[in-house]
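Here's a quick tour for someone meeting this structure for the first time. Have a look at the picture below, then read on.

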Amino acid sequence: MVSDRGEIMAIKDLPEEEYVLKGHAACPGCPATIALRITLKALGKKTILVIPACCSAVIQSLYPKTSFGVPTLNIAFEASAAAASGVASALKILGEKDITPVVWAGDGGSYDIGIQALSGALERGTDFIYICYNNQMYSNTGIQRSGATPYGAWTTTTWTGKKERQKELAEIVMAHHIPYVATATIAYPEDLYNKMKKAKEMKGPRYIEILTPCPPGWRFDMSKTVEIARLAVETGSWVLYEAINGKVEFTGQSKRILEGKERKPIEDWLKMQGRFRHLKQEDIEKIKRELDEKWEYYRKVMK
Amino acid sequence: MIVIDTANHISALAAKMARARVIAAYPITPQTTVVEKLAEYVESGELDAEFIRVESEHSAMTACIAAEAMGVRTFTATASHGLLLMHEMLHWAGLARLPIVMVNVNRAIGPGWNIWSDANDSMAQRDTGWLHFYCSSNQEVYDSIIMAYKIAESQEVMLPAMICYDGFILSHTSMPVEVPEQSKIDEFLPEFKPAWKIDVENPITHGNIVEPHYYARIRYDMQVAMERAKKIIEEVGEEWGKKFGRDYGLVQEYKCEDADYVILTMASMAAEAKVAVDELRNKGEKVGLVNLRTHRPMPFERLKYDKIIVIERAVSFGLGGIVYNELKGRVPELYGFIAGIGGMDVSYRDIERMYELAKEGKDGWYPIEVK
């Protein structure tokens, strides 16, 4: 069923148009491809993608071919939000009102090297959607730690596990007072689709972050991508919400958790991933403690 | 119309009259008054353009790249550290073959902080695939910016262009500039017609992964375009001369026909060298001047002299003078002076002295090694 506002109730309601075409170069079980496929179904043909260095720069396949069905401008790692400002200004000058500039960037390009350009574009009110597909590491360069890597996770630059917590980019983005901020994950395609649809209808800077569990990076079987994403939400490790003009509403399973539904034990999620295999009991206790604190914060401050 | 103003305000005026539609810039001394003026033009409605107040020069160049890829004429300006921060995106603009026009107000690089003129900032960008022009007067700044759009946007070239001039010496010095009517500029420089652009009706992917054999070909094409640009620069300069009475080309020669020695220099030092040449001529010395307006492409074919004295405001450490070394082996008798570093004053008397030193067979850092 599709509502008046274009929102869907189930996967079967997704539009048939495909903009991520056959022959792309993603790994089997790749969550970024699932996320982009759903995203572009929601945003449609009148979208201009800006992509910095990230897995999607490879996934789109080699010159002179492409597997993306919307115009795509690749740009340097730290530069995507600034490029979107250039596209948005050009669209304004050209009098094009119904084309959406969309950044599609990984967490490395968003949390770390691209945060300056992102903050600048948000602050100056660039009319665009910034999408961060977050796989919690630099995956394209071979699994290095990023600002989004969680405490304890093995990467090729944290061989004994990351010693620091990840930061919360969506919350940093909210401090820019922009019209729309949302989080999503590929396990709930309707939620992701509907948030994209909602963002598309708005003006100004809009930010959506999608958790995209990466099989080779997180060390799990490629058949488990969606399962891991769902468990991330059910254990409360990932949270689904949206903030319209700063007003936060939790959505889906996260809303239910906030209303009192018990979170599944975090161990269920951790033990499915090789990157957490080395964790000691004290590490797990620390993760649990910090997760409790995070949910306290959601309840008391963000809600 | 004669306008008396600083090179920075003249730059802003030229960008306005070239009808740049997207301007993205970040302030830095001594470029600041360029962007202040442009912001004023846009806010007052005098210029129908989008002004993006970016948070860094890296983003300024990136925004210009993206807007230009959308098929829109762009402009930016920077200096010194700002240009260095752009370095990655300068390469990007060159390889993407986007005819962005940018002003760089030459300024020394820190540490220590030094806001005076020095060309090491732009000289360090000479391999990025940009056309490099150096100006010796505010008039040249105006003329060069308008011409740069026509040269850069030529489908035989399609390379970005950098217009350089000395910080403070020109940037903050008022001089009379002849400014043609807007209609004459529009006639000279029609609307931008890009060879390709980002378009939802024709969804291409620009800049995805490219295999070595394609990549090498794209790089080779840039070199070919640089060579073709030599012809276009001469043609556009000649057309400008016919329309507006001031001829331009790859170089400007002064009293070179019968000269035994030719002084070769760039930017405002070329204006000073002109005085030095007149003084030396009065003393009976057969000396001429080549103002190297264009550093990329390097116009070797216009530099066929037997004895050249290069005076330059930049250095490549471990090599020496940059232009000097580029000419080495191509000129039978070549002298190289590094002078004016960090804004040290170079007067016509200094240039006369360097000429005398060269005649004695001496050259080097002036006045540190030789004086």
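Predicted model: local features only at pLDDT ≥ 70, side-chain atom pairs only at ≥ 80, totals over all residues.

Residues are numbered from 1 along each chain as its sequence is written, chains are lettered from A and ligands numbered from 1 in the order in which they are written, and side-chain values use heavy atoms, with hydrogens and water left out.

Chain B has 11 helices and 16 strands. Helices (H or I, at least four residues) and strands (E, at least two) are DSSP runs, numbered from the N terminus. Chain A, for its part, comes with 12 helices and 8 strands. Its radius of gyration is 18 Å, close to the 19 Å from the globule rule for 303 residues, so chain A is as compact as a globular protein of that length.

Here are some overall values for each chain.

| Chain | C-alpha span along principal axes | Accessible surface | Share from carbon and sulfur |
|---|---|---|---|
| Chain A | about 60 × 40 × 40 Å | about 12400 Å² | 53% |
| Chain B | about 65 × 50 × 45 Å | about 14200 Å² | 52% |

The areas come from the Shrake-Rupley method with a 1.4 Å probe; for residues, only the protein chains shown count as cover.

How much of each chain is tucked away? Buried residues make up 61% of the 303 residues in chain A, and 61% of the 371 residues in chain B. Buried means under 20% relative accessible area, exposed over 50%, and partly exposed in between (1.4 Å probe, protein chains only).

Contacts (heavy atoms within 4.5 Å) tell us about the fold as well. In chain A, of the contacts with a separation of 6 or more, 69% are between residues 24 or more positions apart. For chain B, 79% of the contacts between residues at least 6 apart in sequence join residues at least 24 apart.

Now for the salt bridges. The structure holds 49 of them over all chains, each one a side-chain nitrogen of Lys or Arg within 4 Å of a carboxyl oxygen of Asp or Glu.

One pairs A:K92 with B:E50, with the closest N and O atoms 4.0 Å apart. A:K92 sits in helix α3 (residues 80-94) of chain A and B:E50 in strand β3 (residues 50-53) of chain B, so this pair joins two chains. A:K92 counts as exposed, at 60% relative accessibility.

Within chain A, the side chains of A:E290 and A:R165 meet in a salt bridge at 3.5 Å, N to O. A:E290 belongs to helix α12 (residues 281-302) and A:R165 to the loop between β4 (128-134) and α6 (169-174), so the pair ties together parts 125 residues apart in sequence. A:E290 is buried at 13% relative accessible area, while A:R165 is partly exposed at 39%.

Chain B has B:K255 bridging to B:D278, the closest N and O atoms being 2.7 Å apart. B:K255 lies in the loop between β10 (252-254) and β11 (261-265) and B:D278 in helix α9 (residues 267-282), so parts 23 residues apart in sequence are tied together.

Conventions: Rg over C-alpha atoms; globule rule 2.2 N^0.38 Å.
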